[in-house]
Amino acid sequence: MQETRASQDELYQRVAREYGPTLGRLAYAYEADEDRRRDLVQEIHIALWRSFEKFGERCSLRTWVYRVAHNVATSHVIRQSRRNGLTFLTLEEAEAEAQHEYVEVPADRERARARLLAVIQRLDPIDRQLMLAYLDGLEAEEIGQITGLSSANVWTKIHRIKNVLSRRFHAGGHDGR
Amino acid sequence: MAGDYLPNDLKVLWQELTTNPVQLTLDDLRKEEGKLRKGIRKRSVVGGGAALIAGVLWAVFFFVFPNVLQRIGSVLTVLGAGYGIIQLRLRPGHVMPDMGETESIRFYRAELERQRDFHCAWWLWSRLIILLPGPVVWMVGSVRAWPKAATLTWWTLATFLILAAIAVPLNLRLARQYQRRIDALDAWQKG
């Protein structure tokens, strides 16, 4: 029991060190309000620590961390949406919306990042996960393990993500493959 | 075009986003976990406590008020409160799949199902069917027992029923929203 607790604590400390910035960014994508975001990050850390009691290396540590973090954040988003209604966009809807808008290139990196966040925060939780995993540089296979999608399906979604991003960040909003 | 962002530039832009690091010691984590457990216990104590108070109150009403309808209403309310307490003790909350072992889509679906079930079906109807009749019959009995206070009692009863009538379609509408999300998610997975 004590051994389990020690390894649970060690795993958590390692993850907090290695994935701290990733978890912080993830919380940004799920919660715009600063106070609620801080609570969400804390909730993710607690869930991770608790989850390591059961971590049996059936998947990679990274896959485990992403799953727990996204699952906590998904519950958070659904709880919040009770007040505002379920008004998320799917990737397909975001793609269609971007097609009809004229887009100006953001003047600086901060504005570009704000626009990126605005795009992400409107997405349905699953599409949001795909977008974040893509932006974090995860491979399609690993994204599949986190989300439960087939590799072929992940590739289709990545293609759509690239389309949405290209249209939102190219002058005129054209497709920039 | 100069100034444009390619998807790979956006990856860099995203990964450069700096956030305030969270510093939670192991002691903090254990304390927070303790608070979480206490919160869950507190919620069931509050729910059970409210049902217990209602049960005791209407049990006293049974002996204080002699009108037959008031007595029937009291019995029904006590039974409803008792059923509520038993449900709280026997039936744990909707069990969610394990976070680390569950892929996001399955977890998302389970979360949507949990919300849908909370707002509709057996849960909603059982709560209303069990809780409503007692107080309603009791109030009708009160009108008979105290005709002078009839207007006030009818108004109270009407407000009570109107609130229940609003709550039902509102809950069902929310349940339909969650079901639509579940259907969309299933369709999304297929292609």
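How many residue pairs are in polar contact across the interface of chain A and chain B? The legends below begin with chain B as a whole and then come to the answer.

**About the model.** This is a predicted model, in which local features need pLDDT of at least 70, side-chain atom pairs count only at pLDDT 80 or more, and totals for chains, interfaces and linings use all residues. Residues are numbered from 1 along each chain as its sequence is written, chains are lettered from A and ligands numbered from 1 in the order in which they are written, and side-chain values use heavy atoms, with hydrogens and water left out.

**View 1. Chain B is built from helices.** Chain B has 7 helices and 0 strands; here helices (H or I, at least four residues) and strands (E, at least two) are DSSP runs, numbered from the N terminus. Of its 191 residues, 32% count as buried, where buried means under 20% relative accessible area, exposed over 50%, and partly exposed in between (1.4 Å probe, protein chains only). Take the contacts in chain B between residues at least 6 apart in sequence: 70% of them join residues at least 24 apart. Contact means heavy atoms within 4.5 Å.

**View 2. Here chain A meets chain B.** Welcome to the interface, where 67 residues from chain A and 45 residues from chain B take part in the contact. Together the two chains bury about 5,400 Å², with 61% of it on carbon and sulfur atoms; buried area is the accessible area (1.4 Å probe) that two parts lose on being put together, summed over both. And the opening question? The rule finds 20 residue pairs in polar contact across this interface, both residues being at pLDDT 80 or more. On the side of chain A that touches chain B, H3(A) gives the most, with 10 residues. A polar contact is a pair of N or O atoms within 3.5 Å; within protein, one must be able to donate a hydrogen and the other to accept it, and residues adjacent in sequence count only if both atoms are side-chain atoms.

**View 3. A salt bridge joins A:Asp9 and B:Arg30.** The closest N and O atoms of this pair are 2.6 Å apart. Across the interface of chain A and chain B, the rule finds 6 salt bridges, each a side-chain nitrogen of Lys or Arg within 4 Å of a carboxyl oxygen of Asp or Glu.

**View 4. A:Asp124 sits in a loop of chain A.** Look for A:Asp124 between H5 and H6 of chain A. This residue is buried, with a relative accessible area of 5%. The side chain of A:Asp124 makes a polar contact with the side chain of B:Tyr108, at 3.0 Å. Leaving aside neighbours within four places in sequence, A:Asp124 is in contact with A:Phe88, A:Leu89, B:Tyr108 and B:Arg181.

**View 5. H7(A) is largely enclosed by the rest of the structure.** Why is H7(A) described this way? Because 6 of the 8 residues of H7(A) are buried. Among them are A:Glu142, A:Ile143 and A:Ile146. After this helix comes A:Gly148, whose phi is positive, near 95°.

**View 6. B:Ser74 belongs to helix H3 of chain B.** The helix spans residues 68–90, and B:Ser74 is buried, with a relative accessible area of 1%. Not counting residues up to four places away in sequence, B:Ser74 touches B:Trp58, B:Phe61, B:Phe62 and B:Trp138. B:Val56 is 18 residues from B:Ser74 in sequence and 9.9 Å from it in space, C-alpha to C-alpha.
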